[in-house]
Number of protein chains: 2
Amino acid sequence: MIPEPSLRRLPWYLAYARLSQRNGEAVLSSTQIARGVGVEASVVAKDLSYVAVTGRTRVGYDIGELVMYLEDFLGFSTQHKAFLFGVGKLGGALLQDRGLEQFGLDIVAGFDSKYELSGTSINHTPIHHISRFDELQQLMHVEIGVLTVPVDVAQSVAEMLVDNGIRAIWNFTPVRIQVPDNVVVQNTSIYAHLALMYNRMS
Amino acid sequence: MIPEPSLRRLPWYLAYARLSQRNGEAVLSSTQIARGVGVEASVVAKDLSYVAVTGRTRVGYDIGELVMYLEDFLGFSTQHKAFLFGVGKLGGALLQDRGLEQFGLDIVAGFDSKYELSGTSINHTPIHHISRFDELQQLMHVEIGVLTVPVDVAQSVAEMLVDNGIRAIWNFTPVRIQVPDNVVVQNTSIYAHLALMYNRMS
């Protein structure tokens with residue numbers, strides 16, 4: 001089981017390896033990665049040992065292989081089906097963002113309580129009224145819910161997702177949602193990051 | 001100096017306090033906040049002690065006061081001027097998002113290398129060609145740069161920001177940018193969060 005700090009660093013190595021690959025490099029050493037991302041070379045080597053990719057002594061990692069192994073390990077090369085809840089500004093932007101598919105997230109439908117959005121689509125992803133969620137979920141057995149609803153309904157919508165078999169919630173609201181222990185919650189509250197930045201600036 | 005884990009929890013308390021306020025509550029105890037956000041009551045009390053807001057024994061915090069003190073402490077009630085670099089999908093969505101102003105971030109201009117974007121605006125925020133950055137920076141002395149450029153130019157754009165007096169970079173790219181020690185970098189790579197979620201699901 002990889003420790004979380006290592007897991008958090010792997011995407012940096014992947015970004016750096018992809019850049020090097022685009023710049024025409026063929027091999028990459030731990031030392032080069034370390035310099036590129038600002039981490040000790042021993043830490044890079046240790047982190048990459050979890051990924052089971054093996055570099056050659058005094059040569060380094062084959063970049064194509066490194067990128068492929070990292071993408072596999074991070075779950076980016078498998079498509080994970082997801083539903084998105086709350087098609088406001090942020091929800092709409094996420095539906096627009098085809099980048100998510102490159103990272104393994106396939107949002108197959110959006111749901112909203114606004115009737116005027118039902119039957120529309122964003123970038124070929126259909127938007128349905130929220131009342132149709134359980135019916136579509138019975139057909140599709142989606143495991144991931146992206147939560148971009150207003151704060152006052154975040155908890156109740158989260159409960160509805162869990163009741164209908166959603167196993168993981170990507171929570172973009174600043175609300176600390178309460179769910180059973182077996183449900184994974186990934187909090188991505190960008191506003192909380194602002195507070196961290198302001199604090200460190202002063 | 002508040003420890004980072006405490007600082008990370010304060011926005012949850014703020015979100016919960018705002019919700020309670022909207023639901024017509026007037027006071028809130030540490031125990032209620034604790035239950036609402038799923039943290040021990042003693043932790044909530046300790047975290048709030050940094051904010052210098054004082055509750056009354058057996059009554060709790062005045063919600064209006066609590067919200068005001070938290071917003072002040074987190075830097076959300078002061079407007080921080082920022083420039084945004086890279087007006088693509090994500091950059092455009094951030095310019096659209098008036099929510100950022102409620103959290104103290106005032107993006108006063110966007111910059112992009114695409115000439116066809118120069119002179120346009122998104123939600124009243126003007127977009128300029130990147131070549132005009134140093135000229136506008138000399139007039140405006142902006143301290144925060146929001147980085148939403150493509151990965152292959154993330155490092156070079158970051159260096160240009162630092163050279164022109166930007167003190168804090170909100171980095172949305174997956175690139176681990178290298179900057180001098182006195183520059184604050186807040187990384188918000190939403191794709192890295194996906195890897196964490198996939199890993200915990202399996």
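This is a predicted model: local features need pLDDT of at least 70, side-chain atom pairs count only at pLDDT 80 or more; totals for chains, interfaces and linings use all residues.
Visitor: Is B:Glu116 buried or exposed, and why?
Guide: B:Glu116 sits in the loop between strand 4 and strand 5 (121-122) of chain B; at 59% relative accessibility it is exposed, because the cut-off asks for a value over 50%. Its C-alpha lies 8.8 Å from that of B:His129, a residue 13 positions away along the chain.

Visitor: Why is A:Ser20 called buried, and which residues beyond its sequence neighbours does it contact?
Guide: A:Ser20, which lies in helix 1 (residues 4-22) of chain A, has a relative accessible area of 6%; buried means under 20%, and therefore the residue is buried. Setting aside neighbours within four places in sequence, A:Ser20 contacts A:Glu25, A:Leu28 and A:Ile63. Its C-alpha is 9.8 Å from that of A:Gly36, with 16 residues of separation in sequence. For chain A as a whole, 53% of the 202 residues count as buried.

Visitor: What makes A:Phe83 and A:Phe133 an edge-to-face pair?
Guide: The structure holds 20 aromatic pairs over all chains, and this is one of them. The ring centres of A:Phe83 and A:Phe133 are 6.0 Å apart, while pairing asks for centres within 6.5 Å; their planes stand at 85°, and because an angle over 60 degrees counts as edge-to-face, the pair takes that description. A:Phe83 lies in strand 3 (residues 80-85) and A:Phe133 in helix 7 (residues 133-140) of chain A, so the pair, 50 residues apart, links distant parts of the chain. A:Phe83 is buried at 0% relative accessible area, as is A:Phe133 at 1%.

Visitor: Why is the pair of B:Phe83 and B:Phe111 called edge-to-face?
Guide: With ring centres 5.0 Å apart and planes at 90°, the pair meets both the distance limit of 6.5 Å and the requirement of over 60 degrees, and it is therefore edge-to-face. B:Phe83 comes from strand 3 (residues 80-85) and B:Phe111 from strand 4 (residues 105-112) of chain B, 28 residues apart. B:Phe83 is buried at 0% relative accessibility, and B:Phe111 is buried at 0% as well.

Visitor: What makes the charge of B:Arg176 count as sitting over the ring of A:Trp12?
Guide: The charged end of B:Arg176 is 3.9 Å from the centre of that ring, where the distance limit is 6 Å.

Visitor: Why are the two copies described as related by a two-fold rotation axis?
Guide: Chain B is superposed on chain A by a rotation of 180° with 0.0 Å of shift along the axis, at an RMSD of 0.0 Å, and the copies are thus related as by a two-fold rotation axis. In chain B, the C-alpha nearest the axis belongs to B:Ala93, at 2.9 Å. The same surface serves both copies, since 100% of the contact residues of chain B recur in chain A.

Visitor: How do helix 1 and helix 4 of chain B pack, and at what angle?
Guide: Helix 1 (residues 4-22) and helix 4 (residues 63-74) of chain B have axes 9 Å apart, at an angle of about 145°, and helix 1 passes helix 4 in a left-handed crossing. Among the residues that meet there are B:Leu7, B:Leu10 and B:Leu14 from helix 1, and B:Ile63, B:Val67 and B:Leu70 from helix 4.

Terms used. Residues are numbered from 1 along each chain as its sequence is written. Chains are lettered from A and ligands numbered from 1 in the order in which they are written. Side-chain values use heavy atoms; hydrogens and water are left out. Copies are superposed by least squares on the C-alpha atoms of residues with pLDDT of at least 70 in both. Contact means heavy atoms within 4.5 Å. Rings of Phe, Tyr and Trp (its six-membered ring) pair if their centres lie within 6.5 Å; planes under 30 degrees apart count as stacked, over 60 as edge-to-face and the rest as tilted. Helices (H or I, at least four residues) and strands (E, at least two) are DSSP runs, numbered from the N terminus. Buried means under 20% relative accessible area, exposed over 50%, partly exposed in between (1.4 Å probe, protein chains only). A charge sits over a ring if NZ of Lys or CZ of Arg is within 6 Å of the ring centre and within 35 degrees of the ring normal. Axes are lines fitted to C-alpha atoms, for helices over the stretch in contact, and angles run from 0 to 180 degrees between N-to-C directions. A crossing is left-handed if the near helix is turned anticlockwise from the far one by less than a right angle, and right-handed if clockwise.
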